[in-house]
Amino acid sequence: MKKKQTPSLWIQSSFSWFKKSWLVLLLVILGMIPLIGQSTVSGPCDCATRWEEGGHWNADATIIESGNIPDPQGIIRCGNAADTQSGVTSCVTPNPASNSCTSNCVYDSGAFEIDLSGITCFDPNNPDIDPQVEAPANGCDIMWLQLDVRPFAGTWQFQLVGGSQQYDWALYATTAPTADGTGGDCTDLELQECGSEFSSTWSTITTPDFGSPTNYYMAVWNTGADCTESLNINFKFRNGCGDAACFIQLADSGVSTSCNLFGTYDVCFDIEGANGVFTVVDNTGQAINIPEDFTLGLYPDGPFTQQVCVTYPNNIAYDVNINGVSLSNSNDPCLEQLNFAGEGLCCQIPCDDGDCNNGLETFNFDICDCVAGTPPDMNCDDNDCNTAD
């Protein structure tokens, strides 16, 4: 005869079944969460994450870069020691190093087109070689990192480490920078540089506007056989005060000329730059006065500007080089050079030769010199050429 199941045993059996069922259902749900919650975004505004190392902007645009540095960071610090953010991926949410990514970045030319036409990319391992970098294909894995460089730096250095992975990169800067850690306007970016994979080299980059902060957006994309695979890149940055190279350029105020007494003129160049000792060279061999060597310094002390004036004889064309000699923070060579050449300045000079026998001379701008001639209201009856008789 079949033995009846007691109520307590039935309850225990049912509870055990429900436990197992809910456990299986929970495991299924947890396994589906990455698939259900995974989304993709595109373009720098939606994809860019802030570099997590470096310095911090204060409200007055000064920088904290030592001690207990608050968030957000992201300003390349001074000095040769590199700050590194490791394991950066295309994951946007919750963060670039997350193992449980709910939103990642893929390339979509409709959202933001990486157009490399009109620029020659470089191989960081051999800058003289064009590596023929091409823009990513739609759907490829891509990451965007946002970082800042302080004003008056001029140059900075970086290195990417991707192991055996294949990648290319492009560097953009916003045209409306800010000094507050927000990255400026991500909707208006200008391409600065582009390149291929690194080995163990460092690349030196020149800032687009010497006197202003720079908000950079760096894109790195997969160029492997399956470009949809997620990259894992270590970003390294250093020498954010222009410590590694000299920099010099003509300031917006440009070139000016002015007349002196006695048939000479000055041509002056308003120079700005950093970290260099420079010498002034006259290429004509006719300059009357050439200034001594000058030095441009480093952030924050400078100096970052210098006016260079060379004196030439009247109407003699100028041709001036400003050549780098060495870095201001070491004896390493500075290879920067500027050249300025132009027409001479014609300055009017007194033309009275004091000889009444041939009359007073007058100035002729066509030949930029004195010519013989007697003014109509002058004569020399009293042998005094300086009075009207």
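Guide: Start with aspartate 83, which forms a salt bridge with arginine 77, their closest N and O atoms being 2.8 Å apart. A salt bridge here is a side-chain nitrogen of Lys or Arg within 4 Å of a carboxyl oxygen of Asp or Glu. Residues are numbered from 1 along each chain as its sequence is written, and side-chain values use heavy atoms, with hydrogens and water left out. The model is predicted: local features need pLDDT of at least 70 and side-chain atom pairs count only at pLDDT 80 or more, while totals for chains, interfaces and linings use all residues.

Aspartate 83 has 10% relative accessibility and therefore counts as buried. Arginine 77, at 27%, counts as partly exposed. The cut-offs are under 20% relative accessible area for buried, over 50% for exposed, and partly exposed in between, with a 1.4 Å probe and protein chains only.

Now look at the sheet around this place. Four strands form an open sheet in the order S5-S14-S9-S12, with antiparallel pairing. Its edge strands are S5 (83-88) and S12 (203-206), and each of them pairs on one side only. Neighbouring strands in this sheet are turned by 25° against each other on average, direction ignored. Such angles run from 0 to 180 degrees between N-to-C directions, and the axes are lines fitted to C-alpha atoms. Strands are DSSP runs of E with at least two residues, helices are runs of H or I with at least four, and both are numbered from the N terminus. Two strands pair if DSSP finds at least two bridges between them.

S5 is joined to strand S14 (residues 233-238) by 4 bridges, and the two run antiparallel. Within this pairing, glutamine 85 stands opposite phenylalanine 235 in S14. In a regular strand the side chains alternate between the two faces of the sheet.

Return to the salt bridges, of which the structure holds 3. In one of them, the side chains of aspartate 148 and arginine 50 meet at 2.9 Å, N to O. Aspartate 148 lies in strand S8 (residues 142-149) and arginine 50 in strand S2 (residues 49-50), so this pair ties together parts that are 98 residues apart in sequence. Both aspartate 148 and arginine 50 are buried.

Another salt bridge joins the side chains of glutamate 65 and arginine 150 at 2.8 Å, N to O. Glutamate 65 sits in the loop between strand S4 (63-64) and S5, and arginine 150 in the loop between S8 and strand S9 (155-161), so parts 85 residues apart in sequence are tied together. Arginine 150 counts as buried because its relative accessibility is 1%.

For context, here is the protein as a whole. Its secondary structure comes to 2 helices and 23 strands. Of its 389 residues, 41% are buried. Among contacts between residues at least 6 apart in sequence, 68% join residues at least 24 apart; contact means heavy atoms within 4.5 Å. The accessible surface comes to about 20300 Å², and 50% of that belongs to carbon and sulfur atoms. Such areas come from the Shrake-Rupley method with a 1.4 Å probe.
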